[in-house]
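Subject: Structure for you, with notes

Hi,

Here is the structure I promised to send over.

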Amino acid sequence: MENKSRVLVVGGTGFVGRRIVTASLAEGHPTYVLMRPEIGLDVDKLQMLLSYKARGARLLEASLQDHRSLVAAVRQVDVVVSAMSGVHFRSHNLMLQLKLVEAIKEAGNVKRFIPSEFGMDPSRMGDALEPGRVSFDEKMEIRRAIEEVDIPHTYVSANCFAAYFCANLSQMKTLLPPKEKVRVYGDGNVKVIIVDEDDVGTYTIKSVDDPRTLNKTIYLRPRDNCLTQNELIAKWEELTGKCLEKIPISGDEFLASMKDMDYANQVGVGHFYHIFYEGCLTNFDIGDNGAEATLLYPEVQYTRMDEYLKRYL
Ligand SMILES: NC(=O)c1ccc[n+]([C@@H]2O[C@H](COP(=O)([O-])OP(=O)(O)OC[C@H]3O[C@@H](n4cnc5c(N)ncnc54)[C@H](OP(=O)(O)O)[C@@H]3O)[C@@H](O)[C@H]2O)c1
């Protein structure tokens with residue numbers, strides 16, 4: 001019988017964390033989820049945690065603020081996957097992961113740590129714009145802490161989550177499809193990569209026991225989901241049978257729009273600029289220090305974006 005690692009998910013009730021928990025259970029890993037006392041009266045979180053327990057997960061009580069409890073939790077597993085928040089318009093606690101790194105170091109038993117990344121590869125974003133670069137700088141700081149103490153790791157570059165980039169046709173400040181008009185970044189022909197977040201969970205869990213991903217970055221590049229914004233818009237138009245008015249926006253204009261925005265949206269503008277104008281998701285070859293997830297795990301039937309879009313009809 002195949003020996004599956006015991007997986008602890010930290011941030012397990014979050015947007016991507018809950019998908020990682022689901023994937024871990026589905027792949028047959030003994031699955032553990034951190035239950036933080038700080039959730040207090042958050043009844044939804046507690047109910048979600050209890051639902052994991054009902055599906056076979058074990059809840060481990062520990063706090064990122066309490067080193068001993070964290071070390072004790074980490075000692076019970078082989079793999080730690082962190083899905084802690086790092087997006088500015090929600091909570092922002094990515095640097096708390098340094099506490100997790102300290103606990104993993106002291107526990108000394110963890111065979112693989114996957115820190116919370118799941119976006120652009122921060123090691124390729126050294127020239128990113130302010131203020132958005134903070135996301136990449138923080139993720140790099142966590143990487144340095146991991147590598148300094150030789151914790152076996154895998155970094156997951158998940159590109160764009162579909163919930164944030166697909167149905168809204170990559171418009172900012174909304175998650176819903178535009179009804180009449182759509183803003184098109186430049187000529188709309190830069191290739192980007194959009195991934196169903198359930199697939200992010202699946203590929204992440206597939207990688208945890210895989211020697212091919214040890215101390216490497218895996219990139220999620222589902223071939224059919226490497227799309228230009230124009231191609232994405234065309235898919236929606238085909239599904240709805242309705243043609244949208246296209247409003248092109250130049251790179252300079254887009255960057256200038258930042259000045260009247262709050263901090264969270266300024267961060268977003270920077271990220272969108274790198275993705276849709278500079279093509280930062282697709283303008284490089286993966287190379288020897290990485291691997292492409294759909295090639296590693298061809299058995300995964302990933303979700304295409306025309307399928308994903310149907311739920312918004
Ligand atoms: N590629 C993309 O398009 C994209 C989009 C969004 C996010 N991301 C990335 O995905 C990762 C996860 O983001 P997310 O949106 O899934 O996060 P999220 O839902 O906002 O939060 C994830 C979890 O972080 C934990 N957390 C929040 N505040 C905490 C605190 N003070 N102390 C300890 N834990 C705390 C909570 O864990 P509990 O379950 O313990 O309460 C929460 O459920 C981030 O690295 C982010 O940058 C990528």
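**I20 and its surroundings**

Leaving out residues up to four places away in sequence, I20 touches V9, V81, A83, F118, G201, T204 and I205; contact here means heavy atoms within 4.5 Å. Before you go further, note that this is a predicted model: local features need pLDDT of at least 70, side-chain atom pairs count only at pLDDT 80 or more, and totals for chains, interfaces and linings use all residues. Numbering starts from 1 along each chain as its sequence is written, and side-chain values use heavy atoms, with hydrogens and water left out.

Back to I20, which sits in helix α1. Helices (H or I, at least four residues) and strands (E, at least two) are DSSP runs, numbered from the N terminus. With a relative accessible area of 0%, I20 is buried. For that word I use under 20% relative accessible area, with exposed being over 50% and partly exposed in between (1.4 Å probe, protein chains only). I20 and E197 are 177 residues apart along the chain, yet their C-alpha atoms are separated by 9.3 Å.

**Helix α1 and its partner α7**

How much of α1 is covered? Mostly, it is: 7 of its 10 residues are buried. These are G17, R19, I20, V21, A23, S24 and L25. They pack against β1 (7-10), β2 (31-35), α2 (43-54), β4 and α7. Just after the helix, G28 takes a positive phi of about 85°.

The pairing with α7 is worth a look on screen. The axes of α1 (residues 17-26) and α7 (residues 197-207) come within 8 Å and cross at roughly 50°. Axes are lines fitted to C-alpha atoms, for helices over the stretch in contact, and angles run from 0 to 180 degrees between N-to-C directions. The two helices are therefore oblique to each other; under 35 degrees counts as roughly parallel, over 145 as roughly antiparallel, 65 to 115 as roughly perpendicular, and the rest as oblique. The crossing of α1 and α7 is right-handed, a label used if the near helix is turned clockwise from the far one by less than a right angle, with left-handed for anticlockwise.

On the α1 side, R19, I20, A23 and S24 meet E197, D198, G201, T202, T204 and I205 of α7. By class, this contact has 3 nonpolar, 4 polar and 3 charged residues. (Ala, Val, Leu, Ile, Met, Phe, Trp, Tyr, Cys and Pro count as nonpolar, Asp, Glu, Lys and Arg as charged, and the others, Gly among them, as polar.)

**Helices α3 and α4**

There is another crossing between α3 and α4 (residues 97-107), whose axes come within 9 Å at roughly 60°. This crossing, too, is right-handed. H67, L70, V71 and V74 of α3 make the contact with K99, L100, E102, A103, I104, E106 and A107 of α4. Those residues divide into 7 nonpolar, 1 polar and 3 charged.

S63 is in the loop between β3 (58-61) and α3 (67-74). At a relative accessible area of 6%, S63 is buried. Neighbours within four places in sequence aside, S63 is in contact with P37, E38, S69 and L70.

**Strands**

An open sheet of 5 strands runs in the order β3-β2-β1-β4-β5, with parallel pairing; two strands pair if DSSP finds at least two bridges between them. At the edges are β3 and β5 (112-114), each pairing on one side only. From one strand to the next, the twist averages 25°. Strand β4 (residues 79-82) is joined to β5 by 3 bridges, and V80 stands opposite F113 in β5.

Elsewhere, 4 bridges join β6 (residues 154-157) to β10 (residues 216-219), and they run parallel. T154 stands opposite K216 there. β10 is also joined to β13 (residues 290-292) by 3 bridges, again parallel, and I218 has A291 as its bridge partner in β13.

Which peptide bond is cis? The one from E130 to P131, with omega near -5°. P131 lies in the loop between β5 and α5 (133-148).

N159 is not a glycine but has a positive phi of about 60°. N159 is in the loop between β6 and β7 (160-161), and counts as buried at 9% relative accessibility. N215, in the loop between α7 and β10, has a positive phi near 60° and is not a glycine either. N215 is partly exposed, with a relative accessible area of 37%.

Cheers
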